[in-house]
Amino acid sequence: MVSLSWVTTAGFAIIATLCVCVFISMRHLKSLAWLAATAVAATIQTVFFAVAANDMASSIAISMLTPAAYLAFGQCIREALGQKDQHWRLYAVVAVLTCLGVALRLADVPFVYRTSIFQASCALALGDCLFRLWKYKGRGAAEYALCVVVGGTAAMFVYRFFAYPIMFSVGTKYVTISASDHERTTLTVSAILSVAALFLALARIINGVIYDYRRLSEMDSLTGLLNHQAFHRLASPAGKTGGSVIFCDIDHFKSINDRFGHLAGDKALRAFADLLKASGFAAGRLGGEEFALILPDLAPEVAAIEAERLRMKYAGMRHSALAEDARVTASFGIAGYEPGEEPRRAFSRADAALYAAKSSGRNRVALHVEEETAASAAA
């Protein structure tokens, strides 16, 4: 019958192989490199455990590799979540406890005494992972699942830290402890949770890569706004409430490029895009110097106030790439859409209002006027 240690070793080895294969095609992913390091360390550790856990060299290797694997896992989580901070004091404490555990093994201190040092170092290393997962503001199902399995693994080490000195006498050898039902159960639970944590971390990394590629495919590379296709998809579903659409265009943009160069024009575009981002509404670059905003739940008259605020702010900007006296302005066209209507249905009306704003002098805001309403007003 195959032992649990060899089954666990196979699980870690499979994950290590998967990580290395994926990392070869995505070398910029440091999270995968750390996960591969975790799996390799865990694989070697379980091999030592399966071959001769009671041997001096094997027990020292296990005492060193297990906390190291959990610290590497913490670095994997740090990279996957985009965190920059390092917990150097915690790492130092884990290193000191690990060295102390090795020293106690070399001194042939009874297992019941030295195991508490080992359990503490592992629990602290896992605490780094838990802290990172818990403080991550964008927690989703994957992060919560990782919290559960990592927390469960840490709980097993904490339990052993307190329980073993009470359950077993000082002179009890590990060969006796390992044969107990209690030890087999705790090892089984720890192994399952550890393998599950690695699989979940791998899934989280791959899902993050897919999300990033999808986001990049929907983003305008110059401005960081939604591109034409993504913005139209966003405006396609009909909502329960109405709202407004704003079309905006930088005035005389070609002359900016002709006079100051395309780099200056790009800076003017990015400055305008940043202004639209700061509004908090969904914004997209439809092409060239033309942009659009969707303002759900806002009537056109209210949207016009927001457009006027944007117009004035942009007109008052100074652009370092342009001449000191140069000013860049933008024109805005606004149209509303009714409850149950797709926002994109208002695009042509907003475009007509933008054309009216530019035709009447530029650097202004214009509301779309329905033909029948305009005819009634003229009569």
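**Salt bridges and burial**

Reader: Why is E143 called buried?
Author: In this predicted model, E143 has a relative accessible area of 5%. Buried means under 20%, so E143 is buried.

Reader: What makes E143 and R204 a salt bridge?
Author: The closest N and O atoms of E143 and R204 are 2.3 Å apart. The cut-off is within 4 Å, so the pair counts as a salt bridge. The bridge links distant parts of the chain, with E143 in helix α6 and R204 in helix α8, 61 residues apart.

Reader: Is R204 buried or exposed, and how do you know?
Author: R204 has a relative accessible area of 13%. That is under 20%, so R204 is buried.

Reader: Why is R214 called exposed?
Author: R214 has a relative accessibility of 57%. Exposed means over 50%, so R214 is exposed. R214 meets E218 in a salt bridge at 3.6 Å, N to O.

Reader: What makes E218 partly exposed?
Author: E218 stands at 22%.

Reader: Why is E306 called buried?
Author: E306 has a relative accessible area of 15%, under the 20% limit, so E306 is buried. R309, at 36%, counts as partly exposed.

Note on methods:
Residues are numbered from 1 along each chain as its sequence is written. This is a predicted model: local features need pLDDT of at least 70, side-chain atom pairs count only at pLDDT 80 or more; totals for chains, interfaces and linings use all residues. Side-chain values use heavy atoms; hydrogens and water are left out. A salt bridge is a side-chain nitrogen of Lys or Arg within 4 Å of a carboxyl oxygen of Asp or Glu. Helices (H or I, at least four residues) and strands (E, at least two) are DSSP runs, numbered from the N terminus. Buried means under 20% relative accessible area, exposed over 50%, partly exposed in between (1.4 Å probe, protein chains only).
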